[in-house]
Amino acid sequence: MGWRQVIGLWVVFAALVAEFWLVELRQVEPPPTNRPERRRFVDVDPSEIREVVCTRTGRSIAARVSEGHWSVVDPPDSPIPSDLVAAFVDALAKAEEIDQVAASAVDARAFGLDTAASRVELKTAGAPVVVMIGGPNPTGTAVYARRGEAPDVILIGRNVRYYEDLIFQALPAAPVPATDGLPVGG
Amino acid sequence: MAKQSGWWQAVAGALAMSCMLSADCARADVAPGDKITDANIDKVKDLISPGMEWCIKRGWPITIVEPKKVEWPKAYKDATEKYSGQVKLSADGLNVQNYVAGLPFPDLDPKDPQIAFKIMWNYDYHFLTTDDVDLRNFDADTGSIADHGPMTVERHFLLDHFRRLFWTGRLYVDPKPEKPNPNGYRGQQGLYPILEPFDLKGVGALGNRYIDPAKQDDSWLYLPSLRRVRRLSTAQRSDALFGQDTDVDSYYGYAGHIAWMDWKFLGEREVLSTLHAQHYPAKWHDKVDWAFDEGWEKRKHYVIEGVSKLPQYAYSKRVIFLDKETWTVPFSDIYDRSGELWKIWINDFSFRKQVEGAGAIQYADEMGFLPAIVMVDIQLEHATKASLPSPRFPGEQGWYFNQGEKAGIADDWFTVAALVNAGH
């Protein structure tokens, strides 16, 4: 074998090694997802939310954030983890409009947006943002919601409602009111 | 008249108050023997997740059984008592320092700002597998699922081995508690070779995980048809593989690195789970044959949210339920990037010392056999169910825990060369 052939073989070998290191061993990143850009359900920066108030079937909780830590202020001494409130606020503030289901006045009950709905108020330095969260869609993957008094019914992610369920379930059962003060028997 | 009016006001007030309370405050509850279907799902509404609710409404039957205690393995309990006092979690939650073996954080305080990370590190070091495990001869079906009906099987898979080898936290197989570890491995895992279907014969996957959270997993996929080994990125661990609904990161409920997620502690609650499955191999429901037919116990769980730090990750978040005694996951809901419920992973555990059959290994402690798993794609109404082991192999124990080389768990099995070799 002539020296030219030896050099040639070494060049081929070096090229193969380079290809192996630069191409074969390189981690293959998946292509960017082509997910359609969707509009946010609420126009609020999560970091600007200072207080949240949730009301459902006569019960209510209010929580405030201070230095990244959420504390439930009403009812006081509630065993609701700061992280749960943070996860709920984050999920709602980042919720995307999956679909606009109805654009005009509709039967609110059909979407769980009647008395069974939750009213959520997000307080920032500016005007508060109020939304109504209704029932799940037939497939159970999302929930119906409304922005304030707007008639549109929007589909947003199911986890918003689920986190809110967890918040209310973490509340101790409301005490049965004492009957002493009632004029029993007159 | 005034006296009568006061009495009626009191009754009406009490009635109104009780109605209001019952609407929201009455907690759903169950008793052993209860059969739960979509007709009485309200009885378990506080004991399940939205994903499980979807499954029950789709026909998944639930039978409530008495909860039973699971005893920790003695060696694990001793190691926890001996070493947990010295374990520290770094300020960023990403490094478990001074860990030797056992449960790293047995004493948890819900007010601890690091509680979510500590729970997930406890999960990572739980006693389900401390040294090694070999799962043999298991199969899986994937296909669309009918409402209150069966799966239309699109693909049937038969797999030879799923093996895990841990390099740290070892309790049974020498060397312990850590193998000589110049690479800094936490563990290695392989799933290969696929035996059926024919067009995927020889395909397999392999991965190394490092203790150092800054190091990404090494993950490889071997495709004999292309004669190529493909290296996978960490984000691709969330992609469904082999045409199934399952992804590697969802194995067991979560199998990614703890450091690659931001975790939130959503609280504690009672949840239904299957920890003492009676049927081995798994028994699938006669009519809804993508659902395992087992008893469900009401048990205390932690609820954790995990959001990946990787922008290419397929899911926006996981909501993971963790049994407070066994640190296992009964089910885990998974959401897409829009926050819409996408998938659920469901485990069918059977803690026992021995499976039936002559020659089956008798363990000193109850081990976490897992005779079935199901992963459902709720949006596509599609599922993958696996029998671990397959009923096609009578007498097969399926799971072999902490057997070392006796079960073929050797360092050279977890190499790309072995992966390629097995695929030929």
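**Note on the predicted two-chain model**

1. Phe242(B) is located in the loop between strand 11 (228-232) and strand 12 of chain B. The model is a predicted one, and in it Phe242(B) has a positive phi of about 60° although this residue is not a glycine.

2. Asn98(B) sits in the loop between strand 4 (96-97) and helix 4 (115-124) of chain B. Is Asn98(B) buried or exposed? Asn98(B) counts as exposed, because it has 11 C-beta neighbours inside 10 Å. As background, most residues other than glycine have a negative phi, and most peptide bonds are trans.

3. Chain B contains cis peptide bonds that deserve attention. One joins Asp174(B) and Pro175(B), with omega of about -5°; Pro175(B) belongs to the loop between strand 6 (151-166) and strand 7 (185-191) of chain B. Another joins Tyr280(B) and Pro281(B), with omega of about 0°; Pro281(B) is in the loop between strand 12 (261-273) and strand 13 (295-308) of chain B.

4. On confidence, the predictor gives the complex an ipTM of 0.88 and a pTM of 0.88. Chain B averages a pLDDT of 92, and 93% of its residues score at least 70. Residues 1-5 of chain B, however, have a pLDDT below 50, and this stretch has two contacts beyond near neighbours in sequence. Residues 10-26 of chain B also stay under 50, with 17 contacts beyond four places in sequence. Where pLDDT is low, the predicted coordinates should not be read in detail.

5. Chain A has three helices and eight strands, in the order α-β-β-β-α-β-β-β-β-β-α from the N terminus on. Of its 186 residues, 33% count as buried. Among contacts in chain A with a separation of 6 or more, 54% come from residues 24 or more positions apart.

6. How do helix 2 and helix 3 of chain A pack? Helix 2 (residues 82-93) and helix 3 (residues 158-170) meet at an angle of about 155°, with their axes 9 Å apart. Helix 2 of chain A is therefore roughly antiparallel to helix 3 of chain A, and their crossing is left-handed. Contact residues include Leu84(A), Phe88(A) and Leu92(A) of helix 2 and Asn159(A), Tyr163(A), Glu164(A) and Ile167(A) of helix 3. The residues of this contact divide into 11 nonpolar, one polar and one charged.

Methods: Residues numbered from 1 in each chain as written. Chains lettered and ligands numbered in written order. Predicted model: local features only at pLDDT ≥ 70, side-chain atom pairs only at ≥ 80, totals over all residues. Axes fitted to C-alpha atoms, helices over the stretch in contact; angles between N-to-C directions. Helix = DSSP H or I, 4+ residues; strand = E, 2+ residues; numbered from the N terminus. Parallel < 35°, antiparallel > 145°, perpendicular 65-115°, else oblique. Left-handed = near helix turned anticlockwise from the far one by under 90°. Contact = placed C-beta atoms within 7 Å. Nonpolar A, V, L, I, M, F, W, Y, C, P; charged D, E, K, R; others polar. pLDDT = per-residue confidence, 0-100. Buried ≥ 20, exposed ≤ 12 C-beta atoms within 10 Å, placed from the backbone.
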